[in-house]
Amino acid sequence: MKRSPSKAKEIQVGFLALNKKGQYGAYCLQKGFSYAVLSKDVNNTLIDGKHYF
């Protein structure tokens, strides 16, 4: 398969991480990836993932 840098801007990939301590985070390729957090300390907060492009 041939690589095309211009095509990379047309897709979205997001990664979510959570550890045993309840710490969380996300990373994505493009701006616009959000995730929600609900816990005893955080009440349904929508957070933007850090993005590459």
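Which residues does I47 touch, not counting residues up to four places away in sequence? Keep that one in mind; we'll get there.

**Before you click**

You're looking at a predicted model, where local features need pLDDT of at least 70 and side-chain atom pairs count only at pLDDT 80 or more, while totals for chains, interfaces and linings use all residues. Residues are numbered from 1 along each chain as its sequence is written, and side-chain values use heavy atoms, with hydrogens and water left out.

**The whole chain**

Start with a cartoon view. The chain has one helix and five strands; helices (H or I, at least four residues) and strands (E, at least two) are DSSP runs, numbered from the N terminus. Following the sequence, you'll pass through α-β-β-β-β-β. The radius of gyration, taken over C-alpha atoms, is 14 Å. That is well over the 10 Å from the globule rule for 53 residues, so the chain is more spread out than a compact globule; the rule is 2.2 Å times the number of residues to the power 0.38. Along its principal axes, the C-alpha trace spans about 45 × 20 × 15 Å. Buried residues (under 20% relative accessible area; exposed is over 50%, partly exposed in between; 1.4 Å probe, protein chains only) make up 15% of the 53 residues.

**Stop one: K9**

Select K9, in the loop between α1 (5-8) and β1. With 57% relative accessibility, K9 counts as exposed. Leaving aside neighbours within four places in sequence, K9 is in contact (heavy atoms within 4.5 Å) with Q30 and F53.

**Stop two: the three-stranded sheet**

Next, colour β1, β2 and β5. They form an open sheet in the order β1-β2-β5, with mixed pairing. At the edges sit β1 (14-18) and β5 (50-51), each pairing on one side only. Two strands pair if DSSP finds at least two bridges between them. Strand β2 (residues 24-28) runs parallel to β5, and two bridges join them. Zoom in on Y27 and you'll find K50 of β5 standing opposite.

**Stop three: β3 and β4**

Move on to β3 (34-37). Four bridges join β3 to β4 (residues 45-48), and these two run antiparallel. Pick A36: its bridge partner in β4 is L46. In a regular strand, side chains alternate between the two faces of the sheet.

**Stop four: I47**

Stay in β4 and select I47. So, the opening question: leaving out residues up to four places away in sequence, I47 touches Y24, F33, S34, Y35 and V37. At 22% relative accessibility, I47 counts as partly exposed. Its C-alpha is 11 Å from that of L16, 31 residues apart along the chain.

**Last stop: the largest pocket**

Finally, select L18, G22, Y24, V37 and S39, which lie nearest the centre of the largest pocket among its 14 lining residues. On a 1 Å grid over the protein atoms alone, a pocket is an open set of points where a 1.4 Å probe fits, with protein on both sides within 12 Å along at least five of seven lines; lining residues have an atom within 4 Å of a point. The volume here is about 210 Å³, meaning the space filled by probe spheres set on the points, which are joined across faces, edges and corners. Strands β1, β2 and β3 each supply at least two residues of the lining.
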